[in-house]
Amino acid sequence: MKKLLVATGGGDCPGLNAVIRGIVKRASQEGDWEVWGSYEAFNGVMEEPARLLRLDDKTVAGIHVLGGTIIGTTNKGNPLKFPVKQADGSVKYINRIPDLVKRLKELGFDAVVNIGGDGSQAISQAMFESGMPVIGVPKTIDNDLSSTDFTFGFQTAVQIASDSFDRLVTTANSHHRVMIMEVMGRNAGWIALHTAISGGAEICLIPEIPYDLNKVIEKIRSRYNNGRGFVNVVIAEGARAKDGTITASKGEEGRNAIRLGGVCFTLSQQLKDAGLEADVRETVLGHTQRGGTPVAFDRIIASVFGVKAMELVLEKKFGQIVILKNNDYSSVSIQEAIKEYNIVDPEGTLVKAAKGLGISFGD
Ligand code: F6P
C-alpha cells in the first residue's frame with residue numbers, strides 16, 4: 001500500500017472538507033492508496049506519537065457539506081519559521097522543513113496533498129524542493145490568488161456578507177441611518193466589491209482604491225438630499241483613506257490593530273469628526289464569513305480540486321497546484337502560483353460596472 005498525507009493549514013475556509021472527501025473518494029477507487037490526515041496542519045505529523053486520522057470512505061461520508069476541517073488547522077508551528085524557546089527565554093525561529101520531510105519518510109508517506117493559502121503553499125514548495133512529492137490545493141476566502149479564477153470559500157463568504165447586508169438595509173431604512181459593514185479580504189477588495197454589487201450598496205471602500213473622505217460624505221449627503229434617507233456602506237478590512245488614515249491590514253501587527261478597532265469604526269469616527277449629521281452604526285462580520293456550510297459553487301470547486309489533486313498524485317505531477325482557470329480545472333507549478341496576488345483592478349470591468357450601478361468608491 002502507498003501512503004498519502006493530507007494537511008489543512010492556515011485560516012479555515014468553507015470547502016476544506018469537500019476537498020478532503022474528493023481526495024479520499026478518488027484514492028479509494030485505486031485500491032492501493034491509504035490516505036491519512038495530519039491534525040492541525042503538519043503539527044500532527046511532528047508530534048510523538050504522530051496525531052493522524054485514517055481517512056477512508058466512511059470517515060469522509062457526507063463531510064462536503066460541513067464547514068471547517070475535520071483534521072483541524074492552525075496558524076501556529078510554521079515549519080519554515082518554527083519558534084524554538086531558548087534558555088534565556090528568547091525565541092529563535094528555525095527551518096524545520098528537512099526534519100518534516102525526514103519524519104514523513106520515516107512514517108512511510110509517499111506523497112502529500114497540502115491544502116492551504118499562500119503561507120501553506122510556500123511550505124509545500126520548500127517540502128517539494130527538499131525531496132517530498134507534494135501537490136498543493138489553494139484555499140482562501142479572499143480570492144486573491146492570481147493563478148486561479150476562484151478559490152473555494154469565496155462565494156460562501158460573499159453569500160454570508162450579502163445576506164447580512166440585506167438585513168442591514170431594512171434597519172438602515174427604518175432608522176434613516178448610515179450603516180457601515182466591514183468584510184474580510186485581507187489586502188484584496190473582492191469580497192467587498194462582490195457584496196456591494198450583490199446587495200446594492202451606495203458606497204464600497206476597498207484597499208485598491210484609496211478613498212477621499214470628502215467624496216464619501218458628498219455621496220452620503222446627496223442620498224439624504226434626494227430623499228433616500230439611509231445609506232449602506234461596505235468596507236473591506238484592508239481599506240484605507242487617501243491620506244493614509246486607515247492602513248491596510250498587512251501582517252500580524254496590522255491584523256491585531258484591526259481586531260482592536262476595525263476599519264468600520266475608524267471610518268465612522270472620521271465621518272463624525274467631519275461633522276456628518278446622520279446617525280452612523282457599524283457592523284464587523286468577522287469570522288462568520290468563514291463559518292458554516294459552503295454554498296453549492298464552493299462545494300463543486302472544492303470537490304473537483306480534491307479529485308484533481310489525487311489525480312496529479314497518481315500521474316506523479318508533483319510540485320503542482322490545482323487551479324480553476326477559464327472555466328477549466330488544471331494545474332500550474334506551486335512556485336508560479338505563489339508569485340503574484342490577484343487584487344481588484346480599479347479600472348477593471350467589475351469596478352466600472354459597480355460605478356454604473358451608482359456605487360461610489362470615494363475616489
Ligand atoms: O485570509 C483569510 C482571512 O479570513 C482574511 O480575510 C482575514 O484577514 C484573516 O484571514 C483573519 O485571520 P485570523 O483567522 O487569523 O483572524
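Colleague: Does Tyr211 count as buried or exposed, and why?

Modeller: This is a predicted model. Burial is judged by counting neighbours: a residue is buried if 20 or more other C-beta atoms lie within 10 Å of its own. Tyr211 has 25 C-beta neighbours inside 10 Å and therefore counts as buried.

Colleague: Where does Tyr211 lie, and with which residues is Tyr211 in contact?

Modeller: Tyr211 belongs to the loop between strand E9 (203-205) and helix H7 (213-225). Beyond its neighbours within four places in sequence, its contacts include Leu205, Val216, Ala239, Phe361 and Asp363. Tyr211 and Gly244, 33 residues apart in sequence, have C-alpha atoms 9.3 Å apart.

Colleague: In what order do the strands of the open sheet run, and which are the edge strands?

Modeller: Strand E3 (52-55) and strand E13 (328-333) are the edges, each pairing on one side only. From one strand to the next, the twist averages 30°. E13 pairs with strand E12 (residues 320-325) in the antiparallel sense over six bridges, and Asp328 in E13 is the bridge partner of Lys325.

Colleague: Which strands does helix H4 lie across?

Modeller: Helix H4 (residues 118-129) lies across strand E6 (111-116), strand E7 (134-138) and E12, and runs at about 160° to E6.

Colleague: How many residues surround the ligand, and which domains do they come from?

Modeller: Twelve residues surround the ligand, with Gly11, Thr140, Asp142, Met184 and Arg186 the closest. The shell comprises two nonpolar, five polar and five charged residues. Domain 1 (2-152 + 294-325) and domain 2 (155-291 + 345-356) each contribute at least three residues to the shell.

Key:
Residues are numbered from 1 along each chain as its sequence is written. This is a predicted model: local features need pLDDT of at least 70, side-chain atom pairs count only at pLDDT 80 or more; totals for chains, interfaces and linings use all residues. A residue is near a molecule or strand if its C-beta atom, placed from the backbone, lies within 6 Å of it. Ala, Val, Leu, Ile, Met, Phe, Trp, Tyr, Cys and Pro count as nonpolar, Asp, Glu, Lys and Arg as charged, and the others, Gly among them, as polar. Domain bounds come from an automatic or database domain assignment. Two strands pair if DSSP finds at least two bridges between them. Helices (H or I, at least four residues) and strands (E, at least two) are DSSP runs, numbered from the N terminus. Axes are lines fitted to C-alpha atoms, for helices over the stretch in contact, and angles run from 0 to 180 degrees between N-to-C directions. Two residues are in contact if their C-beta atoms, placed from the backbone, lie within 7 Å. A residue is buried if 20 or more other C-beta atoms lie within 10 Å of its own, exposed if 12 or fewer, and partly exposed in between; C-beta atoms are placed from the backbone.
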